[in-house]
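Reader: I'd like a close look at one part of this model, the charged side-chain pairs. Could you walk me through them?

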Amino acid sequence: MNKNYLILILLAIALIFPLVFGSYFIHVITTVLVFLSLSLSWDMMLRTGQLSFGTAGFFGLGAYMSIIVVLNLGWNPLFSLLIGGIFAGLIAFLLGFIVLRLREIYFAITTLALTNVFLVISENLSITGGSSGLTLSTAIFNGSSVKIYYLILFLTLVVIGISEYFKRSKIHFAINSIRNDEITAESSGINVFKYLLLVFVVTSGIQGVIGAAYAQQYAFVEPTSTFSLNFLLLPIAMALVGGIYSTNGPIIGAFILGISSEYLKLIMPYGHLIVYGLIIVVVVLFMPQGVYKPLKNKFSNKNIRGDSNAKPSN
C-alpha cells in the first residue's frame, strides 16, 4: 500500500475515533497521544547523541506556567499552552549554555537533577501554590473529552511534523554527524553547540506545551505528580520498544505500551506493572533496534519479492 494512502487512512481513523467510541476509549487514546508526543521529543534530542533525562522537568514547567497565567491573569487556556511552551523553551535556552557543555552521562544526570530542582522550587513558592499546587475552577473546554482529544491530536500531529522536518532537513545531517563523531562534525564546519541548543530548546518547548495541555485537561498541578518521573520513564520505554532515531518508532511504541498497559490493568489490576515491565525487557533484549525496524525490513523484503515476481519473463 502506498505510504501516503496509509497516512490518510490513519488520519481519517484518528478524526472519526471520538465519534464512534465512548469516553473511556477516548481518554485512553488521549493519554497515549500525550506520551507519544513526549516520546518523540525525547527521541529528537537523542538523535544528537545527547541522552536527556529532563523531559518531566520541562513538562512540569509548561504545566505550571499554563495554570498560573490562566488562574492569576485570566488568559485564554488555549493561549496558555503556547505560553507554557515558550516558558519551557526559554528556560532550556538559558540553561543550555551551561548543561550543553556536558556530554554523555554527565549531561543525563544534570538534566535529571534539573527536574528535582524545578520540583523543589515549585514546592516553596507561593505563586505555584506550594506543596498543595494550584487548581482551576474548570478544565479546558469545560472538560469535554472529545474536544480535548482533538486538541491533543492536533498537538501530536504538530510534534510528528517537527520530527519529520528534523529528519528531512539539513538539521538531520548535522545532528547525525554530531552523534556519530562530534570532532569530525566540528571540523567539517558544523556549529555543534548551535544545533545542540536548537534541538534542546525545541524539544523542551514541545514538552512544555504538552505539559500545559495535560494540566489544562485536569485543571490541576501539584509538584509531585506534575514532575513525576512517569513523564520521563514511559516516553523512554515507548521509544526503546518502538525504535529510536525515527519518527515511526516512538509512535508504534506508544500505542503498543499504552494500549497494552490499559488492557493489563483490566485483566490484572494488581499485577499489571510486572507484566508491563516484562514486555519492555523482552523487547529490549530480543529486539534491541525496537519493533519498527524489523517490521520495516520485513515489508520491504515482501515488496522486493513481489516486484521480482511481477516482472514478465522473456
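Which residue does the side chain of Glu262 meet in a salt bridge?

Author: Happy to. Keep in mind that this is a predicted model. The partner of Glu262 is Lys265, and their side chains meet in a salt bridge at 3.5 Å, N to O. Both residues sit in helix α12, which covers residues 248–267. They are three residues apart there, about one turn of the helix. As for Lys265, its relative accessible area is 39%, so it counts as partly exposed.

Another of them joins Glu182 to Arg103, with the closest N and O atoms 2.8 Å apart. Here the two ends come from separate places, because Glu182 lies in helix α8 (residues 182–187) while Arg103 is in the loop between α4 (77–99) and α5 (104–124). The pair therefore ties together parts that are 79 residues apart in sequence. Glu182 has a relative accessible area of 27%, which makes it partly exposed. Arg103, at 26% relative accessibility, is partly exposed too.

Then there's Asp43, whose side chain meets that of Arg47 in a salt bridge at 2.9 Å, N to O. This time you'd be looking at buried residues: Asp43 is buried, and so is Arg47.

As for why such pairs turn up, side chains of opposite charge can pair when their charged atoms come close.

Note on methods:
Residues numbered from 1 in each chain as written. Predicted model: local features only at pLDDT ≥ 70, side-chain atom pairs only at ≥ 80, totals over all residues. Heavy atoms only, no water. Salt bridge = Lys/Arg side-chain N within 4 Å of Asp/Glu carboxyl O. Buried < 20%, exposed > 50% of the residue type's maximum accessible area, 1.4 Å probe, protein only. Helix = DSSP H or I, 4+ residues; strand = E, 2+ residues; numbered from the N terminus.
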